[in-house]
Amino acid sequence: MFSNIGVPGLILILTLALIIFGPKKLPEIGRAFGQTLKEFKKSTSELTEDVMKDLDDEKKNVTK
């Protein structure tokens, strides 16, 4: 995901975020981003499970 940014670019981004948002808001923003990412992963895994379940049901119906 961040393979093209590199360490200097990442340091620059973090420094800019610290300057823009300040040290008090930065942990809140990070926490909110983490929760959003967690919910996204949960949703995609649930969707994948539903699709796989439907595919398995279709395979069972075809073989009968």
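Visitor: A salt bridge is a side-chain nitrogen of Lys or Arg within 4 Å of a carboxyl oxygen of Asp or Glu. How many does the structure hold?

Guide: The structure holds 1. This is a predicted model, where local features need pLDDT of at least 70 and side-chain atom pairs count only at pLDDT 80 or more, while totals for chains, interfaces and linings use all residues. Residues are numbered from 1 along each chain as its sequence is written, and side-chain values use heavy atoms, leaving out hydrogens and water.

Visitor: Which side chains meet in the salt bridge?

Guide: Glu28 and Lys25, at 3.7 Å, N to O. Side chains of opposite charge can pair when their charged atoms come close.

Visitor: How are Glu28 and Lys25 placed in helix α1?

Guide: They are 3 residues apart, so about one helical turn separates them. Helices here are DSSP runs (H or I, at least four residues), numbered from the N terminus.

Visitor: Is Glu28 buried or partly exposed?

Guide: Glu28 is partly exposed, at 44% relative accessible area. Lys25 is partly exposed too, at 46%. The cut-offs: buried is under 20%, exposed is over 50%, partly exposed lies in between (1.4 Å probe, protein chains only).

Visitor: Which residues of α1 are buried, then?

Guide: Gly9, Ala17 and Gly22.

Visitor: New topic. What does α1 span between its end C-alpha atoms?

Guide: Helix α1 covers residues 6-63 and spans only 51 Å. A straight helix of 58 residues would span 86 Å. That expected span is 1.5 Å times one less than the number of residues.

Visitor: Where in α1 is the kink?

Guide: At Gly22, shortly before the proline Pro23, and the kink is about 105°. The bend is the angle between axes fitted to the seven residues ending there and the seven starting there. Gly22 is also one of the buried residues.

Visitor: What makes the nonpolar surface patch?

Guide: Leu12, Leu16, Ile19, Ile20, Phe21 and Ile29, over about 610 Å². Phe21 sits in helix α1 and is partly exposed at 45%. Patch residues have over 30% relative accessible area and no salt bridge, with nonpolar side chains (Val, Leu, Ile, Met, Phe, Trp, Tyr) joined within 5 Å and like charges within 9 Å.

Visitor: Which residues does UniProt list for "transmembrane region"?

Guide: Residues 6-23, from an unreviewed entry. Such annotations may be inferred rather than shown by experiment. In the model, residues 6-23 are 100% helix and 0% strand, with end C-alpha atoms 23 Å apart.

Note on methods
Helix = DSSP H or I, 4+ residues; strand = E, 2+ residues; numbered from the N terminus. Areas by Shrake-Rupley, 256 points an atom, 1.4 Å probe, with all protein chains shown as cover.
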